[in-house]
Amino acid sequence: IALPSPAVELPMAGATPRILVIDDDEDVLAITEVMLEQCGFKASPYLSGDEALVQLASDPGAFDAAVVDLTMPNKDGITVAAELRVLAAEL
């Protein structure tokens with residue numbers, strides 16, 4: 001039986017992609033963190049987009065990608081993702 005190739009290639013030795021994970025549900029956040037780390041990524045979880053944006057602003061090179069919940073209180077995921085893109089483009 002041939003297994004399908006993974007949708008994401010794992011990093012080369014010594015390189016661990018860092019993923020910013022934003023979700024207002026603590027359980028979803030914890031599960032996502034565990035799943036990403038089991039796949040070879042370093043996940044940094046945040047319960048709000050504002051917290052994540054502050055972190056990215058203070059350490060611009062800290063993340064390689066982001067996973068953002070679309071439905072969150074205060075600021076939806078589309079808005080957070082747009083702000084992340086703007087901030088990342090400025091770096």
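Two strands are said to pair if DSSP finds at least two bridges between them. The model shown here is predicted.

**The sheet**

Begin by selecting strand β1, residues 18-22, together with β3; the two run parallel and are joined by four bridges. Within this pair, look for Ile22, which stands opposite Val68 in β3. Strands of a sheet pair through backbone hydrogen bonds, in either a parallel or an antiparallel manner.

The three strands form an open sheet in the order β2-β1-β3, and the pairing is parallel.

Next, select helix α3, residues 77-90. This helix lies across β1 and β3, and runs at about 165° to β3.

**Ala65 in strand β3**

Select Ala65, a residue of strand β3. Its relative accessibility is 37%, so Ala65 counts as partly exposed. Setting aside residues up to four places away in sequence, Ala65 touches Arg18, Ile19 and Leu20. A distance may also be drawn from Ala65 to Leu84: the C-alpha atoms are 9.9 Å apart, while the two residues are 19 apart in sequence.

**The loop between β3 and α3**

Move on to Asp69, which has its place in the loop between β3 and α3. Is Asp69 buried or exposed? Asp69 is buried, yet has no salt bridge; Lys75, the nearest side chain of opposite charge, is 14 Å away. The side chain of Asp69 does reach the backbone nitrogen of Thr71, at 3.2 Å. Apart from neighbours within four places in sequence, Asp69 is in contact with Ile22, Asp23, Asp24 and Gly77.

In the loop between β3 and α3, select also Asn74. With a relative accessible area of 84%, Asn74 is exposed. The phi angle of Asn74 is near 75°, a positive value in a residue other than glycine.

**The salt bridges**

Side chains of opposite charge can pair when their charged atoms come close. How many salt bridges are counted in this model? The count comes to four.

- Select Asp64 and Arg18, whose side chains meet in a salt bridge at 3.0 Å, N to O. This pair links distant parts of the chain, with Asp64 in the loop between α2 (49-58) and β3, and Arg18 in strand β1, 46 residues apart. Asp64 is partly exposed at 49% relative accessibility, and Arg18 is partly exposed at 29%.
- Select Glu37 and Lys42, which form a salt bridge with the closest N and O atoms 3.8 Å apart. Glu37 is partly exposed at 35% relative accessibility, and Lys42 is partly exposed at 41%.
- Select Lys75 and Asp50, which form a salt bridge with the closest N and O atoms 2.7 Å apart. Lys75 lies in the loop between β3 and α3 and Asp50 in helix α2, so the pair ties together parts that are 25 residues apart in sequence.

Technical notes. Residues are numbered from 1 along each chain as its sequence is written. This is a predicted model: local features need pLDDT of at least 70, side-chain atom pairs count only at pLDDT 80 or more; totals for chains, interfaces and linings use all residues. Side-chain values use heavy atoms; hydrogens and water are left out. Contact means heavy atoms within 4.5 Å. Axes are lines fitted to C-alpha atoms, for helices over the stretch in contact, and angles run from 0 to 180 degrees between N-to-C directions. Buried means under 20% relative accessible area, exposed over 50%, partly exposed in between (1.4 Å probe, protein chains only). Lys and Arg count as positive and Asp and Glu as negative; His and the chain ends are not counted. A polar contact is a pair of N or O atoms within 3.5 Å; within protein, one must be able to donate a hydrogen and the other to accept it, and residues adjacent in sequence count only if both atoms are side-chain atoms.
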